[in-house]
Amino acid sequence: MTKVHVVLRKEDIDETALADGKVAVVFDILLATSSITAALAAGARSVVPVYSAAEAEEVGRRLPDGGYELAGESEGRTITGFHPPAPLFLQTVCPGKTVILSTTNGTVALRKAMKARAVYAASLLNSPAVSEHICRAHQNETIIVICSGSSGRFCLEDFYGAGYFVHCLIEQGIAAAELSDSAMAAWLFYRQYGGEGKAKEVLSSSLVGRWMAACGLEKEIDYINRHGALSVIPKLEPGPVGPEMRDMAQMKAAREGKRQ
């Protein structure tokens, strides 16, 4: 029987439990997992999630010149010499490239989840596609939905995204009785605020959403709020990204994903 649990912050990830055959689905709605989804949908070869700017630059040095782009932020500020990690912007520079992405929360959560049987990045943009794929490819496995949070804090937008994803799982036939209390809470929250109109209020009212609006990133929020607009399925593929980088992994579109 499939079980679904929601983890409220990346700091609460139990890596030992994940290693016991769990399937991880990571959410960082504003911005990392939305940016990864958008980049792959726009034709990026892959997205490499890293812990820091220093690690991003090290990975870049081991890849062919002209074959990659650096993108990232640290505590909300674009890293010097990097592209901003925003979906609409990344789509203009990523086609055919490997995107090396460093963020404060989302890429850290993805890396911490690497011990799971399978790791996916999800957002409002692609939750229907990811949920359909998981219900087909991981029947009767435990699904751990991870909210990245923000520097150790609970994030409203990630909780909403988790609730939307749980809703999509239920539409695929997962029984509500199989939800943990945190998964049930996220689903009930989504049922209260479901739909792009109310969701915009959730995203814009969150701490990160208010910061983005103050920085003039309202169009990015509107893009991220497009529920089910993309069918790409970003999956973390362990293995070498380049020479001597065998402990790295990269997000690639699963076969079922289609670019739009």
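This is a predicted model: local features need pLDDT of at least 70, side-chain atom pairs count only at pLDDT 80 or more; totals for chains, interfaces and linings use all residues.
Glu75 is placed in the loop between β4 (68-74) and β5 (77-78).

A positive phi is also found at Asn140, where the value is near 65° in a residue other than glycine. Asn140 belongs to the loop between α6 and β8 (143-147), and its relative accessibility of 55% makes Asn140 count as exposed, since the exposed class begins over 50%.

## A cis peptide bond

The peptide bond that runs from Leu30 to Leu31 is cis, and its omega is near 25°. As for its setting in the chain, Leu31 is found in the loop between β2 (23-27) and α2 (32-41).

## How α6 meets α7

Helix α6 (residues 127-137) and helix α7 (residues 156-171) have axes that come within 9 Å and cross at roughly 50°. The crossing of α6 and α7 is right-handed.

On the α6 side the contact is made by Ser127, Pro128, Val130, Ser131, Ile134 and Cys135, and these meet Tyr164, Phe165, Cys168 and Leu169 in α7. Sorted by class, the contact of α6 with α7 holds eight nonpolar residues, two polar residues and no charged ones.

Side chains of opposite charge can pair when their charged atoms come close. In this model the count comes to 11 salt bridges, with a side-chain nitrogen of Lys or Arg required to lie within 4 Å of a carboxyl oxygen of Asp or Glu.

One of the pairs joins Asp20 to Lys22, whose closest N and O atoms are 3.7 Å apart.

Because Glu132 and Arg136 are four residues apart in α6, they are separated by about one helical turn. Glu132 is partly exposed, with a relative accessible area of 39%, and Arg136, at 42% relative accessibility, likewise counts as partly exposed.

## A salt bridge between helices, and a network

What does the salt bridge of Lys200 and Asp222 tie together? The two side chains meet at 2.7 Å, N to O. Lys200 lies in helix α9 (residues 196-205) and Asp222 in helix α11 (residues 218-224), so the pair ties together parts that are 22 residues apart in sequence. Asp222 has a relative accessibility of 37% and therefore counts as partly exposed.

Beyond these pairs, Glu58, Arg61 and Arg62 are linked with one another in a network of salt bridges.

Conventions. Residues are numbered from 1 along each chain as its sequence is written. Side-chain values use heavy atoms; hydrogens and water are left out. Axes are lines fitted to C-alpha atoms, for helices over the stretch in contact, and angles run from 0 to 180 degrees between N-to-C directions. Helices (H or I, at least four residues) and strands (E, at least two) are DSSP runs, numbered from the N terminus. A crossing is left-handed if the near helix is turned anticlockwise from the far one by less than a right angle, and right-handed if clockwise. Contact means heavy atoms within 4.5 Å. Ala, Val, Leu, Ile, Met, Phe, Trp, Tyr, Cys and Pro count as nonpolar, Asp, Glu, Lys and Arg as charged, and the others, Gly among them, as polar. Buried means under 20% relative accessible area, exposed over 50%, partly exposed in between (1.4 Å probe, protein chains only).
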